[in-house]
Amino acid sequence: MNRIIAIVVLLFCGLLQSFGQNVYYVSTTGNDSNPGTISQPWATWQKGFDEAEAGDTVYFRGGTYRPASKTGTAVATINPTTGHGNSGTYSSPICFFNYPGEVPILDGQDAASADYGNIGIVIQDATYIKLRGLTVINNQMRNTTDNCGGISVAGPSEGGNFYFENVTVAYNGGAGLWCRGYDTVYVINCDSHHNCDSLDLTSPGGDGDGFALSSRGAAADTFKLTVITGSRSWANSDDGFDIGSTKQIQMSNTWSWGNGGTESCYGDGVGIKLSYSDLAISSKRRIYNCITAFNLSGEMDQGGGIAEVNLYDEVDKGPVAEVFINLLYVDYWGYASSLSWSWEAYPTKFYKVVASNNIIYDPYDALGGFDAVNYSQGDPSYVTLNTNSFYMPGIYGTLETNPSFTVTDADFISLDTAQLR
């Protein structure tokens with residue numbers, strides 16, 4: 001019986017090989033002249049990115065990789081249009097995984113140069129790429145106009161599909177993970193922390209988001225999908241999660257705390273920032289089971305737990321979301337929402353926000369109490385509030401504590417804040 005099983009396994013492996021589903025390995029002790037096997041692995045991440053084709057898997061062994069040079073503006077890149085790497089397909093993605101039980105770290109410090117763009121990994125004009133268990137650190141700015149970050153993703157014109165799981169991006173001079181122009185992105189159990197664009201000339205700290213995700217696309221393109229779950233973002237100079245122009249969003253079980261920078265290097269300091277949308281279906285844009293805490297700008301005069309902001313000067317793009325079962329603790333403000341800049345002529349049919357079963361506790365702006373929502377620009381009739389720890393006393397009013405739901409320190413297992421930043 002064991003012999004039959006062995007033959008079946010060998011036949012199966014042979015089939016995978018024939019359909020291009022190869023397995024390769026990269027190690028700190030390898031050589032790029034090797035065949036990429038487990039006993040003779042490659043040495044660099046770039047070699048793995050260059051060689052893998054649709055259906056292939058590249059395993060990176062544990063250890064710290066410190067390349068001494070870059071590929072264009074990146075320490076390592078996947079860009080088929082420039083001869084670096086390939087795209088996968090829906091049924092045969094290209095997988096770049098950590099070797100089970102090991103932690104591979106791409107450290108960009110030695111590869112950085114004084115010119116533009118010190119980015120750890122750039123994925124450009126590729127699709128169906130999966131990254132799992134990889135860490136990218138120390139891609140720092142070298143001048144005031146540098147565009148840095150941990151991982152930067154821009155899909156092809158039709159939008160790419162990307163999957164990130166157990167990926168860590170930290171100590172980079174810009175956004176930890178920045179994805180734009182994609183069709184579908186999954187961010188599963190990822191961490192982003194201590195990212196800061198400290199040398200930026202106009203706004204030091206203003207681009208140091210933990211995660212910056214923006215699918216973009218035309219108003220009629222409503223199928224673009226952003227999924228974030230089990231991820232954490234902390235101690236970044238700007239926002240924890242900056243969700244730009246997106247269509248469908250499912251964000252759950254995430255943590256965002258201590259974002260906003262320092263007095264000399266700071267951004268907006270919002271835990272979860274959600275941009276407006278032209279997809280007027282609130283159930284397709286959900287933020288739930290998330291925790292935000294101590295998010296405020298370095299000057300301690302702005303920031304918040306969850307905020308809807310307007311990146312457009314168009315009246316047909318407004319706040320659209322379902323926000324429920326979230327805890328917002330000691331953020332500058334709790335939950336903030338407002339209309340577009342052109343609020344004088346806003347058509348409220350485009351706007352719909354439902355906030356249910358949320359707790360805002362002990363906001364930093366004590367003078368405002370539960371001064372969580374700023375509707376000073378117009379009638380907030382597009383918002384429905386259900387069973388939250390706060391309520392809205394009037395159409396132009398800011399939020400106040402809801403007497404029907406009392407929250408005290410005793411309701412928490414711990415309020416230890418020693419490790420926030």
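I began with lysine 47, which forms a salt bridge with glutamate 51, the closest N and O atoms being 3.1 Å apart. The term stands for a side-chain nitrogen of Lys or Arg within 4 Å of a carboxyl oxygen of Asp or Glu. I noted that this is a predicted model, where local features need pLDDT of at least 70, side-chain atom pairs count only at pLDDT 80 or more, and totals for chains, interfaces and linings use all residues. Residues are numbered from 1 along each chain as its sequence is written, and side-chain values use heavy atoms, with hydrogens and water left out.

Entry: the helix pair. I looked up where the two residues sit, and both lysine 47 and glutamate 51 belong to helix H2 (residues 45–51), 4 residues apart, about one turn of the helix. Helices (H or I, at least four residues) and strands (E, at least two) are DSSP runs, numbered from the N terminus. Glutamate 51 has 34% relative accessibility and so counts as partly exposed. For this I used buried for under 20% relative accessible area, exposed for over 50%, and partly exposed for in between (1.4 Å probe, protein chains only).

Entry: other salt bridges. I got a count of 7 salt bridges by this rule. Lysine 273 forms one with aspartate 268, and their closest N and O atoms are 2.6 Å apart. Is lysine 273 buried or exposed? Lysine 273 counts as buried, because its relative accessibility is 7%. Aspartate 268, at 32%, counts as partly exposed. I also found that Asp239, Asp268 and Lys273 are linked in a network of salt bridges.

I then checked arginine 286, which forms a salt bridge with glutamate 322, with 3.0 Å between the closest N and O atoms. Arginine 286 lies in strand S25 (residues 285–288) and glutamate 322 in strand S28 (residues 320–324), so the pair ties together parts that are 36 residues apart in sequence. Arginine 286 is partly exposed at a relative accessible area of 30%, whereas glutamate 322 is buried at 17%.

Entry: cysteines. I looked for disulfides (a pair of cysteine sulfur atoms within 2.5 Å) and found 0 in the structure. Cysteine 196 counts as partly exposed at 22% relative accessibility. Cysteine 265 counts as buried at 7%.

Entry: the sheet. I traced an open sheet of 9 strands in the order S4-S7-S10-S13-S16-S19-S24-S27-S30, with parallel pairing. Strand S4 (74–78) and strand S30 (335–336) stand at the edges with a single partner strand each, so one side of each is left without a neighbour in the sheet. Two strands pair if DSSP finds at least two bridges between them.

Which strand does S24 pair with over 5 bridges? Strand S24 (residues 270–275) pairs in the parallel sense with strand S27 (residues 304–309). Serine 275 stands opposite valine 309 in S27, and leucine 274 has glutamate 308 of S27 as its bridge partner. I recorded S27 as mostly covered, with 5 of its 6 residues buried. S27 also pairs with S30 in the parallel sense, over 2 bridges. There, isoleucine 306 stands opposite tyrosine 335 in S30.
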